[in-house]
Amino acid sequence: MEEIQVIIGGKTASRVISAESIEALAPLLEAYPKVFLVYDRNVAWVAKEIAAGSPLAGMKAIDTSEKAKDLATVQDLCSWLLEAGADRKSLLLAVGGGITTDLAGFAACIYRRGIRFAFVPTTLLAQVDAAIGGKTGVNFLDFKNMLGVIRQPDFTFECAQVLQTLPHRDFLSGAAELLKTFLIDNTGNAYEKAVTMLSEAEVSAPDTLQKLIAAAASVKAGIVGRDEQENGERRHLNLGHTFAHAIEHEARQAGLDITHGEAVAVGILLAARLSEAMGLASKGLAARLEADWTACGLPTSVPFDLGTLTAAMTKDKKAEGDTIHFVLLSSIGQVEIRKISAAEATAQLL
Ligand SMILES: NC(=O)c1ccc[n+]([C@@H]2O[C@H](COP(=O)([O-])OP(=O)(O)OC[C@H]3O[C@@H](n4cnc5c(N)ncnc54)[C@H](O)[C@@H]3O)[C@@H](O)[C@H]2O)c1
């Protein structure tokens, strides 16, 4: 078992625990008088394994979709917690992907003005990103993650074993966030190693995958520790996300099925092209990433005209008036933030 601490203001605010088997979770749960488990119906098998090893005060399955990542589902979760007798000392344990951890984490943050919560992320995306850092929330009025809070989970329990049933498309979606992390911090050439592992399918070895996940989790935990409230360095994690959120918005309007990670993959390529157009990155960076994406099986384009993404980008929750903090890539492992308008950004790319 390996533990990474999220240190905020000199104190341990959260822990990311990597373990080879789900059984290692039971001792961690003994610290709580009552544990309520909410799980994505698609990972009922993981919830059952947890229930077999620990006494639970309640269990609830939820259906997950971006449509159901809303206040109504949070209200349902709060009603369930109230009826089942969850008090201020209870722990809400969320088992599932980023939708489940965002929903359950948010419910835990507002129920009785906040109870403790912990995550067992079951997608690669949630293991390397969504379940670390304490951002939780829901979609609102067609905008992604418009309502939410930042509050740290007690712990995030990471186990590559639970990914065995994850559909390949969802695995790739997480691979995009994994590569994003190493584009921000390429310590030990982690980016190149991840591309090799993903393109050569070496990740099928669970211990290799577990190490890769722990390395990405450690980068994220470090950034969150230094800038929990996203006033500076944490913005780096939004690499590709301004474009990605606009892509997801347009996809919803057009009734197209594009996952968050797929949108992020294409968003990163657009950010790299913008970095080149603005003279921040040397020519060839975007082409290099595109080749890496192709080798890893990630998408490199979306069926939207760039111009159509502009309006959606200005409504990004990170927009400040007309300008947006665009995270740009000057080289692999080196990002920079520039405040420019969405119109200016798209004009550079047209
Ligand atoms: N809070 C944050 O910091 C943060 C960061 C990044 C993304 N997010 C959010 O995360 C969400 C995307 O997360 P996601 O990709 O994990 O989506 P998800 O939770 O929808 O999971 C993807 C799919 O995989 C299924 N699934 C999950 N684990 C499985 C398993 N082990 N076996 C079989 N099926 C499994 C789910 O039922 C779902 O159909 C988005 O809503 C995004 O906004 C949040």
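Leaving aside its neighbours within four places in sequence, which residues is valine 95 in contact with? In this predicted model, local features need pLDDT of at least 70, side-chain atom pairs count only at pLDDT 80 or more, and totals for chains, interfaces and linings use all residues. Residues are numbered from 1 along each chain as its sequence is written. With those neighbours set aside, valine 95 is in contact with Leu37, Tyr39, Asp40, Val43, Val46, Ala47, Ile50, Thr100, Val120 and Thr122 (contact: C-beta atoms, placed from the backbone, within 7 Å).

Val95 also belongs to the largest nonpolar core, which has 112 residues; Leu92, Leu93, Val95, Ala194 and Ala271 touch the most other members. Such a core is a set of buried Ala, Val, Leu, Ile, Met, Phe, Trp, Tyr and Cys residues joined through C-beta atoms within 7 Å, where buried means that 20 or more other C-beta atoms lie within 10 Å of the residue's own, all placed from the backbone. Helix α8 (residues 206-226) gives the most to this core, with eleven residues (helices are DSSP runs of H or I, at least four residues, and strands runs of E, at least two, numbered from the N terminus). At least three residues of the core come from each of domain 1 (2-166) and domain 2 (181-349), with bounds from an automatic or database domain assignment.

The centres of the two domains, taken over C-alpha atoms, are separated by 25 Å. Contacts join 23 residues of domain 1 to 22 residues of domain 2. On the side of domain 1 that touches domain 2, β1 (2-8), β2 (11-18), α5 and β8 each supply at least two residues, and β1 gives the most, with five.

Notes: Two residues are in contact if their C-beta atoms, placed from the backbone, lie within 7 Å. A residue is buried if 20 or more other C-beta atoms lie within 10 Å of its own, exposed if 12 or fewer, and partly exposed in between; C-beta atoms are placed from the backbone.
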